Amino acid sequence: MFSSYDGLCTIGELAEHTGVSVKTVRFYSDRGLLPEASRSAGGHRRYAPEAVERLRMIRSLRGLDLPVPAVRRILDEQDAQDERGDGAGEGGALEDAVAARLRSLGSELAALRWREAALRLVQESPPAARPDRLRLVGAVAAPPSTASLARFWRAWLPPRMPARSVTAFLEAAVPDLPDAPRPDQVLAFARLHAYVTRPCGGGGGGGGSCQPRAHGVAGARASAVLYAGLAEAYDLAGGELRRDAEPCPGEALDGFVDAYASTYGTPDTAAFRRVLAGRLAADPRIDRYWDLTAEVISAPGGRLEPTPGSAHDWLLASLGAQLEAMDGVDVREGPGSVAPSPGTGVPDGARAVSPR
């Protein structure tokens, strides 16, 4: 292949055979990816014929944007296989490098999609709205992280709540973000991020503590039981919402009430349901979080996807409809519309445990 008497080539000849610059050959040599066969009497690098294929392999790997350390691991594995004589080995280093690069590329593409949607949002906004929207979207990384939402709920949940229960709750309360968002979804998430990063998340509570009173009443483990029961009820109610069902008694409502009754060790009676309805109607609310979450996760022009918040509203309306049918009690008039009955076993502030 080479004209020299010993079959070796200079760095310039290797560069010419592979179509790269001498500087590139020197770069890979200095990093140990392209070993020299020897040095000339004048100290010039000389390479064996197999260096041509090795350099082409390096160029191919680098052409896929694999980092130099990953290329080194791939070549080392290939060298080890050649020494053992099993050149058709599994190639785990290559698979790992490609998988890592695909993950990285996916993140880069997601960031570009979010930036594009943010730019379109600004472009399409009325001039008067642009400063505020620029401030909102500028506070969110691309691609965005839901860490701020998780922190909001971790601070809201009872202290020392079992880790498994916290994880299950966060999976339901923190939305999955779209890979290719629309401008309106970018705006909704930016507003959601701003909402949860204000003191107490900007949530209901009248400016007082954003920690629900019932967390101190029920205790961490009892609250975990309540949240598990509510999650099942919200899932059932979500199915009813997707088919546009009117609020009504049924399995979802029974599970909803049972979650509270089981947590507080009281039987599920008509009296308990009256007191529970009153407590729930009087509780502070964080509707803004769930409204924005629905905007983030819903398809354009269609029905808003159910959230734990909208499911809770449907269940509370179902409870009110049931009580009205039983004895004419209207629990939807607001706080105080249902007087607590003594001995029902519902702790003060029980409603605050629910994620609404």
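Contact here means heavy atoms within 4.5 Å.

I note that this is a predicted model, in which local features need pLDDT of at least 70 and side-chain atom pairs count only at pLDDT 80 or more, while totals for chains, interfaces and linings use all residues. Residues are numbered from 1 along each chain as its sequence is written, and side-chain values use heavy atoms, with hydrogens and water left out.

**Cores**

I then looked up the largest nonpolar core, which has 58 residues; Trp 153, Leu 230, Phe 256, Tyr 260, Tyr 289 and Leu 315 touch the most other members. A second, separate core has 23 residues, including Val 25, Leu 33, Leu 55 and Ile 58. I take a nonpolar core as a set of buried Ala, Val, Leu, Ile, Met, Phe, Trp, Tyr and Cys residues joined through side-chain atoms within 4.5 Å. Buried means under 20% relative accessible area, exposed over 50%, and partly exposed in between (1.4 Å probe, protein chains only). In soluble globular proteins, nonpolar side chains tend to be buried together.

**Helix pairs**

I took helices (H or I, at least four residues) and strands (E, at least two) as DSSP runs, numbered from the N terminus. Axes are lines fitted to C-alpha atoms, for helices over the stretch in contact, and angles run from 0 to 180 degrees between N-to-C directions.

I checked helix α11 (residues 220-242) against helix α15 (residues 308-327): they pack at an angle of about 85°, with their axes 8 Å apart. α11 is therefore roughly perpendicular to α15; the class covers 65 to 115 degrees, with under 35 roughly parallel, over 145 roughly antiparallel and the rest oblique. On the α11 side I listed Ala 233, Tyr 234, Ala 237, Gly 238, Glu 240 and Leu 241, which meet Pro 308, Ser 310, Ala 311, His 312, Trp 314 and Leu 315 in α15. By class, this contact has 8 nonpolar, 3 polar and 1 charged residues. Ala, Val, Leu, Ile, Met, Phe, Trp, Tyr, Cys and Pro count as nonpolar, Asp, Glu, Lys and Arg as charged, and the others, Gly among them, as polar.

Ser 318 also lies in helix α15. Ser 318 counts as buried, at 0% relative accessibility, and touches Pro 247, Cys 248 and Leu 253, not counting residues up to four places away in sequence.

Next I checked helix α1 (residues 11-18) with helix α3 (residues 51-63), where the angle is about 55° and the axes are 10 Å apart. That makes α1 oblique to α3. Leu 14, His 17 and Thr 18 in α1 meet Ala 51, Val 52, Leu 55, Arg 56 and Arg 59 in α3. I count this contact by class as 4 nonpolar, 2 polar and 2 charged residues.

**Backbone**

Most residues other than glycine have a negative phi, and most peptide bonds are trans. I noted a cis peptide bond between Ala 142 and Pro 143, with omega about -5°. Pro 143 is in the loop between α6 (130-138) and α7 (147-156).

Asp 65 has a positive phi near 70°; Asp 65 sits in the loop between α3 and α4 (68-84) and is partly exposed at 45% relative accessibility. Arg 160 also has a positive phi, about 65°. I placed Arg 160 in the loop between α7 and α8 (163-173), exposed with a relative accessible area of 75%.
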